[in-house]
Amino acid sequence: MPPILTIVVAVVAAVVCGVVCFFAGSAHRRKTAEAKLGSAEEEAKRIVNDAIKAAEQKRKETVIEAKDEALRMKTEADKEIKERRGELSRQERRLDQKEEALDKRVAAFEQKEEEQRQRSELVEAKLDELEQLKLRQLEKLETIAGLTQEDAKQLLLNRLDQDLTHEKAMRVAAYESNLKDECDSIAKELIGQAIARCAADHSSEATVSVVPLPNDDMKGRIIGREGRNIRALETATGVDLIIDDTPEAITLSSFDQARREVARMTLERLIADGRIHPARIEETVEKCRRELEVSMKREGERAVMEVGLHGIHPDIVKLLGRLKFRTSFGQNVLNHSLEVAYLSGLLAAEMGVNVTQAKRAGLLHDIGKALDHEIEGSHIQIGVEIARKYKENPAIIHAIEAHHGDVEPKTPLAFIVMAADAISAARPGARRENLESYIKRLENLEELSCSFEGVETAFAVQAGREVRIMVRPDAVDDDHLVLLARAITKKIEEELDYPGQIKVNVIRESRAVEYAK
């Protein structure tokens, strides 16, 4: 057999054997798989049966537990219902008892009300009986006394009025005596100490200033050709120049002290310089006015430092400096303000009031006078507006507003400033008063005193600081003497303006003295 054929036969045989083995293996694997599948199905059925049995057992147990829980809850609910029924029963019994007690009380109250009504009827009957008895007694009394009820009442009231008038006069006199004994000594001591410790200067400024000249020829140069120079000076400064026969002197006249000061400085510089003509005059006036403003500021700073105050607004300091060139009845206002500040501080220290605040109020009390010739209104109103504008303390604003009595003083500080201002203004020589206003003030004081009934005549003495009033003895008795003095004092305080205080001296057989403060 050829080799190729042998190889082919061998290959075919191998293929046949492989196919047989493949089919034989497949049949074996199928049998094995079928056997495993059958055992798996049996195992699955067993597991399912076990699970069904376990679930059934669990369900039975759960049903039993639920029945037990329901039974327990029902038992508890029955117990709670029973307890609540018992509580409701007890409450019903208590309510029944309270209702019975309330019924008893209502019955007792009704019984008392009935008894009260009966008593009221009995009382009304008794009152009617007493009223009738009173009327009969009044009729008998009127018959016996010969007076009607109205006449007797009027007589009693008249007697009572007389007794009260006497009692009132006695009480007023006793009260005033005690008050003066206690207060006069303290007040005099405080004011005396304040005045003694205050050494402020009283320099009264006149309305004219005199400028010395090196020679009389300078007058002609100041007048200038056809009066040009003197007209330029008067126009630029607002001051009247009086050139008369007084040797080597020129008088400057003006009520505005600041303008007079500018004119004086201007004249002195022009005389020293020697160049006097309208252009030079205007230039010098403007320069002197600026220097005066700087001087005013320095004066304000000096005043603040002398009093020992801090924190005052710079604009207020400038206004204080302007007061150096402002006068009131001939009294320098800045010196007056400094004196009031000193006195206020001394009085405040004695009375236990804030000294710094008192000094500040005293220094600023007349600040409105720095602008009263530029702004409409009284210096008090202007001063209050300035203090409010620069956020001053309300107590200081009230003291400024009340220092002349325009409003009622309500704080110790206001009373202190008012007293210090009166002391400074009323001190002898502090102020100048013209004759006409002085005489008018005395006449008004005498006329006001004579306007009261029973006054015979009145005399103003001691420069208007005392009024002596003579009364008719038949019109005013001793009891009404004190009351008349008090009435005159109050009317003086309400209607007259005066510095310091006025002593009211009413004279009959005895004297009653009052002071208008």
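Me: How many helices and strands does the protein chain have?
Reply: The protein chain has 14 helices and nine strands. Both are DSSP runs numbered from the N terminus: helices are H or I with at least four residues, strands are E with at least two. This is a predicted model, so local features need pLDDT of at least 70, side-chain atom pairs count only at pLDDT 80 or more, and totals for chains, interfaces and linings use all residues. Residues are numbered from 1 along each chain as its sequence is written, and side-chain values use heavy atoms, with hydrogens and water left out.

Me: What share of the residues is buried?
Reply: Buried residues are 30% of the 517 in the protein chain. Buried means under 20% relative accessible area, exposed means over 50%, and partly exposed is in between (1.4 Å probe, protein chains only).

Me: What about contacts between residues at least 6 apart in sequence: what part joins residues at least 24 apart?
Reply: That part is 59% in the protein chain. Contact means heavy atoms within 4.5 Å.

Me: Let's do helix packing. How do helix 4 and helix 6 sit?
Reply: Helix 4 covers residues 228–237 and helix 6 covers residues 278–307. Their axes come within 9 Å and cross at roughly 25 degrees. That makes helix 4 roughly parallel to helix 6. Axes are lines fitted to C-alpha atoms, for helices over the stretch in contact, and angles run from 0 to 180 degrees between N-to-C directions. Under 35 degrees counts as roughly parallel, over 145 as roughly antiparallel, 65 to 115 as roughly perpendicular, and the rest as oblique.

Me: Is that crossing left-handed or right-handed?
Reply: The crossing of helix 4 and helix 6 is right-handed. Right-handed means the near helix is turned clockwise from the far one by less than a right angle; anticlockwise is left-handed.

Me: Which residues make the contact?
Reply: Helix 4 brings Asn229, Ala232, Leu233, Ala236 and Thr237. Helix 6 brings Pro278, Ile281, Val285 and Arg289. By class, this contact of helix 4 with helix 6 has six nonpolar, two polar and one charged residues. Ala, Val, Leu, Ile, Met, Phe, Trp, Tyr, Cys and Pro count as nonpolar, Asp, Glu, Lys and Arg as charged, and the others, Gly among them, as polar.

Me: Asn229 again. Is asparagine 229 buried or exposed?
Reply: Asparagine 229 counts as buried, at 6% relative accessibility.

Me: What is it in contact with, leaving aside neighbours within four places in sequence?
Reply: Asparagine 229 is in contact with Arg221, Ile222, Ile223, Gly224, Ile276, His277, Pro278 and Ile281. Its C-alpha atom is 9.4 Å from that of alanine 279, 50 residues apart along the chain.

Me: Next pair. How do helix 6 and helix 7 cross?
Reply: At roughly 100 degrees, with axes that come within 7 Å; helix 7 is residues 314–322. That makes helix 6 roughly perpendicular to helix 7. Met296, Lys297, Glu299, Gly300, Glu301 and Val304 of helix 6 meet Val317, Lys318, Leu320, Gly321 and Arg322 of helix 7. The contact of helix 6 with helix 7 divides into four nonpolar, two polar and five charged residues.

Me: Which residues of helix 7 are buried?
Reply: Ile316, Val317, Leu319, Leu320 and Gly321. The buried residues of helix 7 pack against helix 6, helix 8 (333–351), helix 9 (355–364) and helix 10 (379–389).

Me: At what angle do helix 6 and helix 8 pack?
Reply: About 15 degrees, with axes 10 Å apart. Helix 6 and helix 8 are therefore roughly parallel. Their crossing is right-handed.
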